[in-house]
Each structure stands twice: as C-alpha cells, then as structure tokens.
Amino acid sequence: MKKTMALLLCLVMVLGLLAGCGGGSGEEETVGELNLFTWDGMFPQEVLDEFEAETGIRIYYSNFDTDEAMLAKLEETQGGDYDLVIADDYIIELAIAEGLVQKLDKAKISTYDNLNPLYMGQFYDPADEYTIPWGAGIPLIVYNPALTGFDLTGYADLWNPALEDNLALIGNYRVINGITLKTMGESMNTDDVAKIEAAGEKLKELASNVRVISDSNTQDFLISEEVAAAFMYTSQVNLAMTSRDDLKICYPKEGLGFGIMAAFIPSQAPNSDAAHLFLEYLNQPEVAAKCFEYLGYYCTNKAAEEHISEAMYDLLVVPETVTEGEIIQNISQEGEDAHAKVWNEFKAACGQ
Amino acid sequence: MKSEKQKKTKYGASALLLVPMYLTALVLVLGPLLYMVYLSLMSRGEVWGFINDVTLDNYVQLMEPLYLNTFFASLKLALLSTALIILLGYPFGYFMARLSSDWKRRMMLLIMLPFWTSSLIRLYGWIIVFRSNGTLDQLLMFLGVTDSPLRLLYTYPAVVVGMIYALLPFMILAVYSSAEKMDWRLVDAARDLGASRLKAFTSITLPLTMPGLLSGIILTFIPSMGLFFIADILGGNKIVLVGSMIQDLMTRGRNLPLEAAMAVVLMAMTSALLWLYRKISRTSKLEGLV
C-alpha cells in the first residue's frame with residue numbers, strides 16, 4: 001500500500017515537471033513566432049493579442065527582474081533566443097559594446113518617424129542605429145503631507161529628521177548615490193572616487209530615515225502608510241498618485257535624473273523580421289498611446305501624444321523643463337566600484 | 001571457488017550501478033565547485049565575466065571591513081536563529097515523540113502542511129501579520145496592549161522570526177526522530193534508581209537525543225547562513241548578508257571573481273564550523289544525515 005502510494009506520488013511529481021516543459025508543443029499552426037524579453041508589465045494584453053490576430057505571429061513573452069539579469073541571459077545565449085528586448089539605457093550601451101545587438105533596418109519600420117526626437121541620439125546609441133526608445137522615466141519623490149508634516153522641495157529634504165524611519169527608497173544604487181551627489185552640487189556621472197566617497201558619507205546620514213529599500217512595488221509602502229515619503233520610479237509614482245488623492249509629487253529642485261528604456265533586437269535573434277514587424281506595429285500612434293497609458297512612463301512617441309486621454313496627459317507627456325535632466329551613464333570601473341561599495345556601506349548602516 | 005567468483009561478479013555489477021551517481025556528483029557538484037574556486041582566482045573583466053589572470057586580490061579585498069562585517073552579520077543572524085530554534089524545536093520534538101501514535105501522525109501532518117505552499121508566499125503572509133495596522137497590530141490594539149500601530153515590519157526581530165519560522169521544522173523533525181527511537185525504559189530505570197527528573201534528562205535523554213539535536217543544528221545553521229531572501233523581504237533589504245552581497249556583486253556589481261571568492265570563503269567557514277561541531281560533540285553519527 002505504502003509503496004503504491006509512493007509510486008503514485010513520484011508519478012504525479014514527474015507529470016508536474018513534464019507539464020511545465022510541455023507548454024511549447026501542440027499549438028495551432030502559426031506563421032512565425034516572436035520571443036519578447038522585457039521588464040514585467042510592458043504591454044497591455046490586448047495589444048499583444050491584436051498583433052497576434054493581425055499577423056498570425058505567436059508571441060512568447062518572458063520577463064527579467066534586473067537589467068543585469070537580462071545582460072547575463074543575452075551573454076549566455078550569445079545574443080540568440082530572444083527577438084526583441086526592452087531594457088534601460090546604460091545596460092544597452094554595454095550590450096552594444098559587447099556586440100550583442102544588431103542594427104535596425106529602419107526601412108522595415110514605416111512608423112519610425114512617429115518617434116519623439118527628444119529621446120533619440122542619446123549616449124547609448126548616438127546615431128540611433130540600434131534602438132527605438134520605449135518610455136522614459138524620472139524617479140521622483142512622492143509624499144503623504146499628513147504624515148511628513150512639511151512639504152518636500154528637493155532631494156535634500158529626504159535627510160530631514162522629521163522623516164525618521166519613514167522613507168522608502170528604490171534599490172538602484174547609481175540613482176540613490178546620484179541624487180546624493182546632486183544635493184552636493186555634483187554630477188550624477190562623476191568619475192571622481194573622492195566625490196563618490198564623500199557622497200557615501202553623506203548617504204550614511206540618511207540611514208536612520210530609511211524604513212525599506214525595494215525596487216518592486218515601492219508605491220505600496222506609501223499607499224499602506226508604512227512610510228511617509230518614497231523616492232521611486234515613474235511607473236510607481238503614477239500608481240501611487242492614481243491610488244490615493246492625498247499624496248503629493250515633489251519635482252526635486254536640485255535637478256531631475258531621467259532614464260530611457262529602449263527596444264533592441266539581439267544580434268542572433270531567430271526571428272528578426274517578426275521583431276521589426278512588432279516595432280512597426282507598436283509605433284502606430286493609437287497603439288503606442290494605448291501602451292503608454294498602460295505602462296505609465298513618459299511617452300516617447302510624438303505622434304501618440306494626441307491620442308492620450310486627458311486624465312493621463314500630464315503624467316505621460318513631458319513638460320519642456322524636464323528635458324534638462326541628467327541621464328545616468330556608465331562610468332569608469334573605479335567609479336562603479338566606489339558606488340557599489342558606498343551602497344553596501346549605506347545598506348549596512350540602515351540595518352543597524 | 002565458484003561461489004567466490006559469483007560473489008565477485010555480483011559485486012562488480014552492483015558497483016556499476018553506482019557509476020551514474022558518482023558521475024552526476026562529479027559533474028554537477030565537484031565540477032561547479034572547482035570552477036568557482038578557479039573563478040575566485042581570476043581578475044574581473046572590463047564589462048562582464050573575467051580575465052584569465054591569476055591573482056589573490058579578490059581574497060585580499062575580502063579583508064576590508066565592509067566584507068568582514070558582512071560575514072560577521074551573517075554569522076550573528078545564523079547563530080541567533082539557530083539558538084532560538086534549539087530552544088523552541090528541541091522541546092517540541094521531544095514531547096512529540098511521547099504522544100500516542102495517532103497524535104504523532106496528526107502533528108507530523110501539521111508540521112508538513114506549510115511546505116505545501118511556496119516559502120516565498122508564506123513569507124509574504126508574515127508581512128500581512130507584521131505591517132502597520134496589520135493583523136498583529138490590530139490584535140494588540142483590540143486587546144488594549146498598545147494604542148497606536150507598532151512599526152514591526154522591516155526590523156531585525158521580524159527577520160529573526162522569519163528565519164525561525166522557515167527552519168524550525170527541520171529541528172523538530174531531527175529531534176523527534178532520535179527521541180522516537182529512544183528506549184524510554186532507560187529513563188524509567190533511572191527514575192526508579194532515584195534520579196531526579198532533571199538528572200534523568202541530562203544523563204539519559206539528552207545524550208541519547210544528541211545526534212538528533214546536532215543534525216538539527218546543522219540542518220538549520222547551514223541554510224541560515226545563506227537564506228538572505230528572508231532578510232530582504234522582512235528586513236526591507238536593509239540587513240546586508242553574505243548571500244545578498246554575493247547576489248549584488250554578481251548582478252549590479254558585475255564582479256564575478258570577487259563574488260566567487262566570497263562564496264568560497266562562505267563554504268570554507270561553514271565546513272570549518274561543521275568540523276568543529278563534530279570535534280566537540282565527538283559524534284560522527286548524525287541522525288538522518290550521515
């Protein structure tokens with residue numbers, strides 16, 4: 001009896017495993033496939049469904065948690081396996097430098113001219129040969145005035161003792177160290193190790209205010225009143241602002257840092273034609289507007305702006321002033337190492 | 001003669017059956033291990049990966065206070081959790097072994113039940129308990145113990161509770177299995193001969209359940225050195241442990257050789273502690289382990 005049970009159990013487990021692997025086979029006939037690899041939640045399902053219905057191409061969608069995990073995966077597959085990747089500016093610079101990205105054939109993308117030139121020609125792809133921008137983000141401070149008791153105007157206000165144990169931060173150390181450098185009047189991209197270390201010392205003074213460091217769902221801490229203020233990514237800012245009316249946004253007076261996400265096709269992409277087709281489809285004004293309303297990042301498609309609903313317009317279309325922000329770029333290895341070290345020391349100080 | 005020959009072939013055939021196992025161990029355990037040691041002696045690459053350039057720099061770098069403190073923090077959390085798990089798990093396992101066989105089965109089911117859910121999801125359950133205005137806060141306020149929400153989540157005690165919760169069953173089961181096998185008549189005999197309850201426990205029960213306790217310690221201590229996601233989730237990412245630092249170095253820091261050196265030191269540290277345990281306890285037998 002026992003043996004039969006054990007055998008049955010084994011069988012169930014093995015079947016479970018097989019079920020997990022077998023997802024790919026036995027589907028209806030399709031014209032081709034497209035392997036998407038992006039952050040979670042980049043496209044509304046209906047946009048993907050419509051593309052599949054229109055072209056007959058089957059989309060396989062996988063996600064990564066960090067840009068670095070994406071790069072590691074591309075390294076592993078030598079630029080193969082995936083057809084279209086959407087990731088952040090600085091990591092794309094690395095991926096291009098390593099030869100993991102192929103040049104776009106713009107002739108295949110008739111909607112290319114819809115893009116907003118504001119976001120093009122950036123440091124990671126100065127001649128716009130490899131990428132198409134897909135959303136821009138500006139990390140901002142959002143706070144609950146009832147809990148903070150004062151209005152925040154800049155990054156420096158995060159150090160205010162009134163915020164003790166009441167602050168949530170994203171876990172991107174170049175950004176956090178970067179805003180610390182900003183409060184000292186330095187560039188986020190300084191290579192000067194002494195300046196980075198000085199910022200580290202200043203950052204340690206922030207430790208007593210930090211309640212939680214998290215890259216994902218940072219807005220939840222603010223919504224549930226676990227913290228009074230949070231410094232977080234654009235999509236999180238939008239989620240927070242749409243969930244609670246009493247929250248306020250602070251556009252830090254020291255200057256904004258912004259980041260651009262962009263789509264690229266890996267060098268050995270198995271279905272590069274499908275990827276081009278998808279890019280063309282995405283950049284139709286109506287489709288792009290739908291995507292950005294869902295995504296909650298600043299819209300990088302100029303033609304789409306007029307299709308964005310009035311309620312979302314201010315959150316998705318950048319006012320002229322914002323373009324003066326600084327983009328975080330790759331710096332020297334000594335600089336990067338100094339940042340990593342400063343960050344770990346900061347985290348250790350937070351845990352005390 | 002004939003029988004001896006038969007024996008030989010029999011032995012040879014069964015030895016052959018072990019070959020796949022040894023091969024798997026060699027390829028999947030020893031291989032990556034050696035690769036990690038090799039990686040820890042390399043220099044880091046420009047962008048990613050490493051350069052074939054033998055150096056001890058990575059180990060020298062680990063002597064910096066930042067890294068030493070991280071090892072210390074991990075060790076502290078692991079020791080504290082293990083000590084508390086012993087305090088809770090030993091009596092639990094001991095008394096469980098004294099239950100009727102019906103109740104033993106029921107208890108066993110209750111202990112195993114949480115394992116049917118992913119440990120990550122169970123940790124998120126603790127967030128609901130600990131967060132401001134969460135279950136615990138509301139209970140305490142309802143009972144009049146506190147009058148405003150406590151800030152329990154993202155603190156050190158929250159992390160320790162998470163560690164205990166995740167690892168306690170291993171201690172309970174290890175102690176239970178050795179207490180279960182114990183001949184309780186020995187305790188009766190000791191009591192008959194005039195030993196006090198305490199004396200009987202220290203001279204009979206404790207030595208006889210020692211193998212269970214020790215394997216329980218090993219089963220909780222070693223994982224607790226590496227379990228960093230509990231500190232990340234319940235500690236709000238603020239407590240830097242060796243595990244989270246290795247992850248950081250590997251992903252954001254893009255420094256594979258240093259990360260490998262850290263992993264090698266972590267393994268050496270745990271092995272040394274294991275060796276020490278055995279030396280002190282003078283047991284080579286560990287319940288259910290070796």
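**Exercise 1.** Find out how many bridges join strand 6 to strand 10 of chain A, and what packs on their sheet.

*Solution.* Start with the pair: strand 6 (residues 140–143) and strand 10 of chain A run antiparallel, joined by three bridges. Strands here are DSSP E runs of at least two residues, helices H or I runs of at least four, both numbered from the N terminus; strands pair if DSSP finds at least two bridges between them. Next, pick out one bridge: A:Ile141 has A:Cys250 as its partner in strand 10. Now look at what lies on the sheet: helix 9 (residues 234–243) of chain A touches strand 6, strand 9 (229–232) and strand 10. A contact means C-beta atoms, placed from the backbone, within 7 Å.

A word on the ground rules: this is a predicted model, with local features needing pLDDT of at least 70 and side-chain atom pairs 80 or more, while totals for chains, interfaces and linings use all residues. Residues count from 1 along each chain as written, with chains lettered from A and ligands numbered from 1 in the order written.

**Exercise 2.** Why is helix 6 of chain A described as largely enclosed?

*Solution.* Count first: nine of the eleven residues of helix 6 (residues 173–183) are buried, so the rest of the structure largely encloses this helix. Buried means 20 or more other C-beta atoms within 10 Å of the residue's own (12 or fewer is exposed, in between partly exposed). Then name some: A:Tyr173, A:Asn177 and A:Leu181 are among them. Last, check the cover, which includes strand 7 (167–169) and helix 13 (333–350) of chain A.

Notes: Two residues are in contact if their C-beta atoms, placed from the backbone, lie within 7 Å. Axes are lines fitted to C-alpha atoms, for helices over the stretch in contact, and angles run from 0 to 180 degrees between N-to-C directions.
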